[in-house]
Amino acid sequence: MFEAVRKNKRISQVILAIIIVPFAFFGMDAYFSGSPGGAEVAAVGGSKISVIEFDQALRDQQDRLREMTGGQIDRAQFESEEFRRAVLESLINQRVLLLHALDSRMVVSEQHVQEVIVSLPAFQEDGRFSMDRYERLLRAQGMSPAMFERQLAQDLRTQQIAQAVGESAFGGSVT
């Protein structure tokens, strides 16, 4: 068999090219993303939660826990199945609320988003909003102002739904 390949080098090269070229353009994506057809960890009502989105939420939650505990947290806790499941469930719950807010046509005005941004202590220096600090902190997170404002608007819509549900709950106890 190898002698046939050696005698017909040009034909062998063409066959290899036919096999390799499609793999290089289409198969490598599946190889690097870990799964064919796109990398997603969950789908909620047709809206997909990507691996990238999950990894970002995982890092954000880890950072929050480190900050809350002053860095005194066991690294094994971050790698546990329970921790990862809790982060995924949180993402799913947020997506459900967001989809409900969008279906309910809840709107957050651009002015309200700007008011919230200006009031956030993280973006203030000497008690006043600092555009330089705002842009610097967003860059450190790998976000543009437009991305942050879009995310904040989604979060505010989600809060509207959660608040509406909370206000509709009964305040008394059953005896």
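Residues are numbered from 1 along each chain as its sequence is written, and side-chain values use heavy atoms, without hydrogens and water. Local features need pLDDT of at least 70 and side-chain atom pairs count only at pLDDT 80 or more, while totals for chains, interfaces and linings use all residues.

**Exercise 1.** State which stretch has pLDDT below 50.

Solution. pLDDT is the predictor's confidence in each residue, from 0 to 100. The chain average is 78, and 75% of the residues score at least 70. The stretch below 50 is residues 23-37, with five contacts (heavy atoms within 4.5 Å) beyond near neighbours in sequence. Where pLDDT is low, the predicted coordinates should not be read in detail.

**Exercise 2.** Describe the salt bridge of aspartate 132 and its setting.

Solution. A salt bridge needs a side-chain nitrogen of Lys or Arg within 4 Å of a carboxyl oxygen of Asp or Glu. The partner is arginine 136, with the closest N and O atoms 2.8 Å apart. Salt bridges with shared partners join Glu125, Asp132 and Arg136 into one network.

**Exercise 3.** Decide whether glutamine 62 is buried or exposed, and list its contacts.

Solution. Buried means under 20% relative accessible area, exposed over 50%, partly exposed in between (1.4 Å probe, protein chains only). Glutamine 62 has 15% relative accessibility, so it is buried. Glutamine 62 sits in helix 3. Apart from neighbours within four places in sequence, glutamine 62 contacts Phe78 and Phe83.

How values were computed: Helices (H or I, at least four residues) and strands (E, at least two) are DSSP runs, numbered from the N terminus.
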